[in-house]
Amino acid sequence: MQTKHSFIYADSRKLETTADNSIDLVVTSPPYPMIEMWDRQFSFLTPGLENMLEESNYSAAFEAMHLELDKVWIELRRVMKQGALACINIGDATRTLNNRFRLFANHARVQSKFFELGFDLLPVILWRKQTNAPNKFMGSGMLPPGAYITLEHEYILVFRKGPKRVFATEKEKKQRRESAYFWEERNSWFSDLWDFKGTRQETTSGELRKRSAAYPFLLPFRLINMFSGFGDTVLDPFSGTGTTAMAAIAAGRNSINCEFESSFYKPVKDRLIQEASQLSSYNGERIARHLEFVEKHQKEKGKLKHLNKHYGFPVMTAQEQDLKLAFVKSIEEQKENLFTATYTSDHEVKTSDTDLLSIIKRLKV
Ligand SMILES: C[S@@+](CC[C@H](N)C(=O)[O-])C[C@H]1O[C@@H](n2cnc3c(N)ncnc32)[C@H](O)[C@@H]1O
C-alpha cells in the first residue's frame, strides 16, 4: 500500500488546484477570530481590520474576520464529495474592550455559515483543554457577580455535505470493512466529550507548536479513523505544522494540505522524515489496548464470539472481522511538496513484533 501527501503553500480562500467533488474528509483548525495571536494574520487577510481593532469596533472586527474564513468554507463545499464530512476545530474567544469583558462565539458563527451553505450539522465534540495558568480566573475574584467562567474547552464541529455517503461497488464495501475501528474505540471516540489528558506527549518541538497553535496528533488521527477509510483523501486547508498529514499517513489515508506561511515547509518536511519511524506506534498502541481489552473481557465476561481475519485475535463484533491497521514503513519526498508513504504488509507486522505475536497467540480461541 502507498499513500500520497501534497503540500500547497497558498491561500486556501481559493483552493485552485483542488478539483470539485474530490475530497472525502476535511480535518482542520483555522486561525481563531478575536484571539490576539491571530490579529496580525487576519489584518493581512482582511481589509480595514486594523482600524476596526484600533477603534475598538469589535463586533465589526469579529464579523470581518469570519467573512474571510467563510471564503474557505465556500471552497470546501465545492471540493468535498457528496456525503463527505468536515471536522472544524475552533475555540471561542474572550476579550475586554472599554472595560467590558465579552465572549466572541466563533463556533456559533462558523456553524451558522455552514448551515447557510446547505451542510447538515451533526453533533459536535467538546474537547476539554484544561488550563493551569495561574491567572485563568478573570473578573472580580470572590465577589459576585463580576467573575467570569474560564474557557477550558474547544469545539470540533462536524458537518456533512449532502446525504450519507454510498458504498456502491464490492471494492468500496471491502475497503469500508477493512477501515473499521474496534468496538471499544467506538464507545469512547463517539462520545461528545474528549479529553486527551494523560495521553502520549507530542513530538513536535514546543516552540513550533506554540507559534502555530498545532493541535495534538491524536485529534486528527481519531477523526480520520472515525470518518474516512483506506484510499480516501483528507484535506486540511490550514495545515500549519502538518499534524493532519502525519495523522493521515499513520491511518493510511492520502492528504492534501494547504498553508499560506511557506516558512512551514522546512519544519514540516523535517517532521515527516524524522517522525516516520514513530508513526506505526500509534496503531501498535491501538492493538495493544485492544488486546488488553480482550484479556479483561475474557476474564470477566467470557470469550468473545468473533475473530479478526488479519491478526487472528478476538473481536467483539462481526464488523471488526476485516479490520486492518496501517503500519508505516517509510516516507519519501517524491518532488517538492509531494511525499509518499509506504506500509508494512500484514505478514511483516505479525512476525516483526514478538511481544504482539505472543499476546495474539495466547489470546487465540
Ligand atoms: C490554528 S493553525 C493550524 C495548526 C495545525 N492544525 C497544526 O497542527 O499545525 C492555522 C493555520 O492556518 C494558516 N492560515 C491562516 N489563513 C490561511 C489562509 N487563508 N490560507 C492558508 N493558510 C492559512 C496559518 O498560517 C496557520 O498556520
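The legends below walk through several close-up views of this predicted model.

Residues are numbered from 1 along each chain, following the sequence as written. Because the model is predicted, local features need pLDDT of at least 70 and side-chain atom pairs count only at pLDDT 80 or more, while totals for chains, interfaces and linings use all residues.

**View 1**
Helices (H or I, at least four residues) and strands (E, at least two) are DSSP runs, numbered from the N terminus.

**View 2**
Ten strands form an open sheet with mixed pairing, in the order S10-S6-S9-S3-S2-S11-S12-S1-S16-S15. Strand S10 (193-194) and strand S15 (328-335) stand at the edges with a single partner strand each, so one side of each has no neighbour in the sheet. Two strands pair if DSSP finds at least two bridges between them. Strand S2 (residues 23-28) and strand S3 (residues 80-90) pair in the parallel sense over five bridges, and Thr28 has Ile88 in S3 as its bridge partner. Helix H4 (residues 106-116) lies across S3, strand S6 (120-128) and strand S9 (153-160), running at about 5° to S9. Axes are lines fitted to C-alpha atoms, for helices over the stretch in contact, and angles run from 0 to 180 degrees between N-to-C directions.

**View 1. The ligand shell.**
The ligand is surrounded by 20 residues, and the closest are Ala214, Phe238, Gly240, Thr241 and Thr243. A residue is near a molecule or strand if its C-beta atom, placed from the backbone, lies within 6 Å of it. Sorted by class, this shell has nine nonpolar, seven polar and four charged residues.

Helix H9 (residues 243-251) is mostly covered, with nine of its nine residues buried. Among them are Thr243, Met246 and Ile249. A residue is buried if 20 or more other C-beta atoms lie within 10 Å of its own, exposed if 12 or fewer, and partly exposed in between, with C-beta atoms placed from the backbone. Gly252 follows H9 and has a positive phi, near 80°.

**View 2. The hairpin of S4 and S5.**
Strand S4 (residues 93-97) and strand S5 (residues 100-104) pair in the antiparallel sense over five bridges, and Arg95 stands opposite Arg102 in S5. This hairpin has two residues between the strands. Asn98 has a positive phi of about 45° although it is not a glycine, and Asn99 also has a positive phi, near 65°. Most residues other than glycine have a negative phi, and most peptide bonds are trans. Asn98 is exposed, with 7 other C-beta atoms within 10 Å, and Asn99 counts as exposed with 5 C-beta neighbours inside 10 Å.

The peptide bond from Pro144 to Pro145 is cis, with omega near 0°. Pro145 sits in the loop between strand S7 (138-139) and strand S8 (147-148).

S15 and strand S16 (residues 338-343) pair in the antiparallel sense over six bridges, with Ser330 opposite Thr342 in S16. Two residues lie between the strands of this hairpin, where Asn337 takes a positive phi near 70°. Lys329 is in strand S15 and is partly exposed, with 17 other C-beta atoms within 10 Å. Leaving aside residues up to four places away in sequence, Lys329 touches Thr342, Tyr343 and Thr344. Lys329 and Ala61 are 268 residues apart in sequence and 47 Å apart in space, C-alpha to C-alpha.

Definitions and conventions:
Ala, Val, Leu, Ile, Met, Phe, Trp, Tyr, Cys and Pro count as nonpolar, Asp, Glu, Lys and Arg as charged, and the others, Gly among them, as polar. Two residues are in contact if their C-beta atoms, placed from the backbone, lie within 7 Å.
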